[in-house]
Amino acid sequence: MFKLTKIQFPIFAGDVVVLTLVTLAGFATHNTLGTAGTRILTTFIPLLLAWLLIGSHVGVFDPEKTAAPRDLWRPFWAMILAAPLFGLIRAWMLGVDSISATFLVVMGGIGSLSIFAWRAVYVFLTARRQARVKENG
């Protein structure tokens, strides 16, 4: 089972915000955001579920790895790996046999770049906070 510690919560919350924004941006780019309603959930829920399943196995929630610049590749590649699983979950939810490969490539690409950007900000802020703690002894 997926459990969050106090240290992991801001990381997870940021990921949820990023995945929400990616989902909303997708609907907005297709000019369907205003009429999407609960259809947004048929994208967001599979995306979040795939992210949690793949990410937890790749170590994207490990507190030691999330603050290390050398480990920024983890969330990027985890989202790339999560895209096909996202497609399977979404297809199952929608009751369809397939999902467009282009859709999965775009979702995986935009999602991975977005998660990477957010996590880079997190790493930077964590490094600054740790430097201040060292200065103040």
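**Close-up 1. Lys 65 and its salt bridge with Asp 62**. In this predicted model, Lys 65 counts as partly exposed, at 27% relative accessibility. Its side chain meets that of Asp 62 in a salt bridge, with 3.7 Å from N to O. Asp 62 is likewise partly exposed, at 27% relative accessibility. Side chains of opposite charge can pair when their charged atoms come close.

**Close-up 2. The salt bridge between Asp 15 and Arg 119**. A search of the whole structure finds three salt bridges. In the one formed by Asp 15 and Arg 119, the closest N and O atoms are 2.7 Å apart. Asp 15 belongs to helix α1 (residues 8–29) and Arg 119 to helix α6, so the pair ties together parts that are 104 residues apart in sequence. Asp 15 is buried, at 0% relative accessibility, and Arg 119 is buried at 2%.

**Close-up 3. The salt bridge between Arg 74 and Asp 71**. The two side chains meet at 3.3 Å, N to O. Both Arg 74 and Asp 71 are buried.

**Close-up 4. The aromatic pair of Phe 76 and Phe 116**. Six aromatic pairs are found in the whole structure. The ring centres of Phe 76 and Phe 116 lie 6.3 Å apart with the planes at 85°, so this pair is edge-to-face. Phe 76 lies in helix α5 (residues 73–94) and Phe 116 in helix α6 (residues 101–136), so the pair joins parts 40 residues apart in sequence. Phe 116 is partly exposed, with a relative accessible area of 34%.

**Close-up 5. The tilted pair of Phe 86 and Phe 103**. The rings are 5.7 Å apart, centre to centre, with 45° between their planes. Phe 86 in helix α5 and Phe 103 in helix α6 are 17 residues apart. Phe 86 is buried, at 0% relative accessibility, whereas Phe 103 is partly exposed, at 26%.

Key. Residues numbered from 1 in each chain as written. Predicted model: local features only at pLDDT ≥ 70, side-chain atom pairs only at ≥ 80, totals over all residues. Heavy atoms only, no water. Phe/Tyr/Trp six-rings, centres within 6.5 Å; stacked < 30°, edge-to-face > 60°. Helix = DSSP H or I, 4+ residues; strand = E, 2+ residues; numbered from the N terminus. Buried < 20%, exposed > 50% of the residue type's maximum accessible area, 1.4 Å probe, protein only. Salt bridge = Lys/Arg side-chain N within 4 Å of Asp/Glu carboxyl O.
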